[in-house]
Amino acid sequence: MRSIRRQLLSVVLGTFVFAAALMGFSAPASAHDAAESSSPAQGATVATTPAQVSVTFSKNPLGIGAQFSVKDSSGAEWADGAVEIVDSTATQKLKAGAPAGAYTVAWRVVSSDSHPIEGTFGFTATAAAAGAAPSGTSAAGASPSAAIPTMGTAQPGTVATPAPAADASAPFPWSLVIFAGVAVGLLVAIGILAKRRLTAGSDAEDDEQA
């Protein structure tokens, strides 16, 4: 009797330890990517308006759906062309002739787990880039109404809470599948031990009667 109880207790403890280990390994994979740094850095003051801005992430973002908006204090848009993603860094070129002053960069990328993440950061340029338009005017093609999508309301230098992409399904709940599998295995083990116990009890009764 004690031997059966010890076997049952060992199976239960071993099953729960195994389940906890599996769920621990699967937890980090469910975390969304995060922005680690930006260039220029948040709140930095640079000598001249840079030719490009960039954000570096904890993992490589997908090469689809990336958007950057780079606006000066008047609201004029200076982002030029498509976002370029190389490894874990997303880079946006700026139009030539950007003036001195404060800039706000809003970015949005699709993380490696197919969920969009977004955020903003700001910097100040002490002097205009080469070929900048006179103060108070915008270079050709730059206007406050440039058709760059709004990137959300994230605070400067922070990553907004990810929202499900319109064409991306939610991550598969592997932890629930693992838990269900462990529960089924535990029930099967208990059933087998209970059956053995009943069989052993029946054999003992038969021996006594004989």
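**Entry 1**

I began with R108, which is partly exposed, with a relative accessible area of 30%; I use buried for under 20% relative accessible area, exposed for over 50%, and partly exposed for what lies in between, with a 1.4 Å probe and protein chains only. I then followed the side chain of R108 to E118, and the two meet in a salt bridge at 2.8 Å, N to O. The pair links distant parts of the chain, since R108 sits in strand β7 and E118 in strand β8, 10 residues apart. E118 counts as buried, at 14% relative accessibility. A search of the whole structure finds one salt bridge, a term I keep for a side-chain nitrogen of Lys or Arg within 4 Å of a carboxyl oxygen of Asp or Glu.

**Entry 1: what kind of model this is**

I note that this is a predicted model, in which local features need pLDDT of at least 70 and side-chain atom pairs count only at pLDDT 80 or more, while totals for chains, interfaces and linings use all residues. Residues are numbered from 1 along each chain as its sequence is written, and side-chain values use heavy atoms, with hydrogens and water left out.

**Entry 2: the chain as a whole**

I looked up the secondary structure and found two helices and eight strands in the protein chain, where helices (H or I, at least four residues) and strands (E, at least two) are DSSP runs numbered from the N terminus. Along the sequence the pattern reads α-β-β-β-β-β-β-β-β-α. Of the 210 residues, 29% count as buried. The accessible surface comes to about 12600 Å², and carbon and sulfur atoms hold 60% of that surface; the areas come from the Shrake-Rupley method with a 1.4 Å probe, and for residues only the protein chains shown count as cover. For contacts, meaning heavy atoms within 4.5 Å, I noted that among those in the protein chain with a separation of 6 or more, 69% are between residues 24 or more positions apart.

**Entry 3: the nonpolar core**

Which residues of the largest nonpolar core touch the most other members? Of its 21 residues, they are V53, F68 and W107. The elements that give two or more residues to this core are β3 (52-57), β4, β7 (101-110) and β8 (116-127). By nonpolar core I mean a set of buried Ala, Val, Leu, Ile, Met, Phe, Trp, Tyr and Cys residues joined through side-chain atoms within 4.5 Å. Leaving out residues up to four places away in sequence, I find that V53 touches residues including S39, P40, F68, V105 and F123.

A cis peptide bond joins S39 and P40, with omega about -5 degrees. P40 is found in the loop between β1 (35-39) and β2 (44-48). Most residues other than glycine have a negative phi, and most peptide bonds are trans.

**Entry 4: two positive phi angles**

D87, although not a glycine, has a positive phi of about 55 degrees. D87 lies in the loop between β5 (84-86) and β6 (89-93) and is exposed, with a relative accessible area of 57%. S114 also is not a glycine, and its phi is positive at about 75 degrees. S114 has its place in the loop between β7 and β8 and counts as partly exposed at 30% relative accessibility. H115 lies in the loop between β7 and β8 as well, but H115 is buried, with a relative accessible area of 7%. The side chain of H115 reaches the backbone oxygen of D113 at 3.2 Å.

**Entry 5: a buried charge**

What does the side chain of D72 make polar contacts with? One is with the side chain of S74 at 2.7 Å, and another is with the side chain of W78 at 2.9 Å. I take a polar contact as a pair of N or O atoms within 3.5 Å; within protein, one must be able to donate a hydrogen and the other to accept it, and residues adjacent in sequence count only if both atoms are side-chain atoms.

D72 lies in strand β4 (residues 67-72) and is buried yet has no salt bridge, the nearest side chain of opposite charge being that of K71, 8.9 Å away. For charge, Lys and Arg count as positive and Asp and Glu as negative, while His and the chain ends are not counted. Not counting residues up to four places away in sequence, D72 touches W78, P99, A102 and Y103. K71 lies in strand β4 and counts as partly exposed at 30% relative accessibility.
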